[in-house]
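Student: I have a new structure to look at with you. Can we go through it piece by piece?

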Amino acid sequence: MPKLKTKDKHIKKLAEIVKGPNSILYLKEDLLAYDCDGFTIHKHLPKAVVFPKDTEEVAAIVKYCDANNLPFLARGAGTGLSGGAIPLNGEVIISLVRMKRLISVDTENRRAVVEPGFVNLKLTNSISDRGYYYAPDPSSQYCCTIGGNVAENAGGAHCLKYGVTTNHILGLEVVLPNGEIIEISSDGIPDAPGYDLLGILTGSEGTLGIVTKITVRILKNPEEKQTVLAYFDKVSDGSHAVSDIISAGIVPAALEMMDKIAIEAVEAAAFPVGHPKDIEALLLIEVDGVSAGIDEQINQILEVCKRRNVREVKVAQDEQERGRWWANRKTGFGAMGAISPDYLVQDGVIPRSKLPEVLGRINQISEEFGLRIANIFHAGDGNLHPLVLFDAKKPGDTDKALKAGSACLKVCADVGGSITGEHGVGIEKKEEMRFIFSDEEIMAQTNVREVFNPNNLLNAGKLFPTPGRCIEMKSDVNEPLSS
């Protein structure tokens, strides 16, 4: 067994807790892989990365860090897009990737129990032969973990009909910042009495506790699903079609939109499907449920698209074609690398009726900053993803991208929306919290954090604005952040 190459007493103790040097990283060359998550603009090295195998080891690590005033945070697959897993303060990273068991499946009560390192898509794959699936489906579902989904309250393309992660959480085992282990459960009871602690913890971005076991709701596979692909010569026509579909009383399982730049990227990447190169926007629409009535919904959708000057609209002929369309959409973010050296993903939410207005304003922001902005998003529930394309090697480009992204979020807030729908706030959008919350409202939320995390050792500097720091200082990307 290799020996530790350090005299640091804390590293030695942490290695002892996780049963040896094979379960801890502490050399700089090993830590470089953990200096950021999917938000790569900020990078900071952790003190160490430890790999516990169970809840008891997580609790022991947390107790040691708390007793020795060592900052710490939890990390899953590192696919988060808002910097929530970046060790701003030299944290000990508690990596949960070894805690990856599917503990139990109860189809009678439609629930499953998983550890936090269990990969999202693997759950559906594990229960599909029994006729069940797990609904939340972020684009990174092939690699993101359910523990990370709980932290960020992840969504996905099908959240329009089925809701985001919080709508599918029935119970949590949590290690509090002092090392105490607690269990919280709704037992599947709708509107259970008492405080909604599951709701508080889901989406708390790893600032209130570390989730070590998750009970999730699983759903029966729908009898039938059909998928429509519609091409529009004008973004405004596609935007109006979105509202018209919902106004017609149809609630699709998914209603996605991509503009011309996004289409250019996905066609240049791994899963091209032959979208017209001159098209300005497309809609990917899926309906599911009992077989009776599906065809009628599809016909209504086709009629709506035709009234909105659709150039071409087609229905997937088989599961293979449907799979190609979805693979093309799901690679949307990563596909930006085919047309730009770097990109910044934003995550605003707006009322559906404001889509034409907001997309027009985002186009103006693109022109103002001289940066291309692709739009690929969950149009049905108004969750926008403007992707600001830039070149980090070009002086001033990163600063412009950050300011352009912030401007996009300000537009969302100004029309009555929010600054995040599924990616979380992290460090990326913490100053933009002032767009939607007053100082008093922010203080009320930090008071909740202090009840769970009084020493502020767990994932400090995330989610809430830096006291006394104004929004204009957003672009100081090299400045350490803490709050």
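Tutor: Let's begin with a term. A salt bridge is a side-chain nitrogen of Lys or Arg within 4 Å of a carboxyl oxygen of Asp or Glu. This is a predicted model, where local features need pLDDT of at least 70, side-chain atom pairs count only at pLDDT 80 or more, and totals for chains, interfaces and linings use all residues. Residues are numbered from 1 along each chain as its sequence is written, and side-chain values use heavy atoms, with hydrogens and water left out.

Student: How many salt bridges does the structure hold?

Tutor: The structure holds 25 salt bridges.

Student: Which residue does Lys-53 pair with, and how far apart are the closest N and O atoms?

Tutor: Lys-53 forms a salt bridge with Glu-57, with the closest N and O atoms 2.7 Å apart. Lys-53 also bridges to Asp-54, where the closest N and O atoms are 3.8 Å apart.

Student: Is Glu-57 buried or exposed?

Tutor: Glu-57 is buried, at 4% relative accessible area. Buried means under 20% relative accessible area, exposed means over 50%, and partly exposed is in between (1.4 Å probe, protein chains only). Lys-53 is partly exposed at 46%. Asp-54 is partly exposed too, at 22%.

Student: Which residues do shared partners join into one network?

Tutor: Salt bridges that share partners link Lys-19, Lys-53, Asp-54 and Glu-57.

Student: Where does Lys-19 lie?

Tutor: Lys-19 lies in the loop between α1 (9–17) and β1 (24–25). Lys-19 is exposed, at 58% relative accessible area. Its phi is near 70°, a positive value in a residue other than glycine.

Student: New topic: helix α3. What caps its N-terminal end?

Tutor: Asp-54 does, with a side-chain oxygen 3.3 Å from the backbone nitrogen of Glu-56. That is a polar contact: a pair of N or O atoms within 3.5 Å. Within protein, one atom must be able to donate a hydrogen and the other to accept it, and residues adjacent in sequence count only if both atoms are side-chain atoms.

Student: What should α3 span?

Tutor: Helix α3 (residues 55–67) has 13 residues and should span 18 Å at 1.5 Å a residue; its end C-alpha atoms are 18 Å apart, which agrees. The expected span is 1.5 Å times one less than the number of residues. Its buried residues include Glu-57, Val-58, Ile-61 and Val-62. After α3 comes Asn-69, whose phi is positive, near 55°.

Student: How many residues does α11 have?

Tutor: Helix α11 (residues 319–330) has 12. From first C-alpha to last, α11 reaches 16 Å, close to the 16 Å expected. At its start, a side-chain oxygen of Asp-318 comes within 3.2 Å of the backbone nitrogen of Gln-320. Trp-325 and Trp-326 are among the buried residues of α11.

Student: What does Ser-204 contact?

Tutor: Leaving out neighbours within four places in sequence, Ser-204 is in contact with Ala-151 and Leu-463. Ser-204 counts as buried, at 7%. Glu-205 is found in that loop between α7 and β10. Glu-205 is buried at 5%, and its phi is positive, near 60°.

How values were computed:
Helices (H or I, at least four residues) and strands (E, at least two) are DSSP runs, numbered from the N terminus. Contact means heavy atoms within 4.5 Å.
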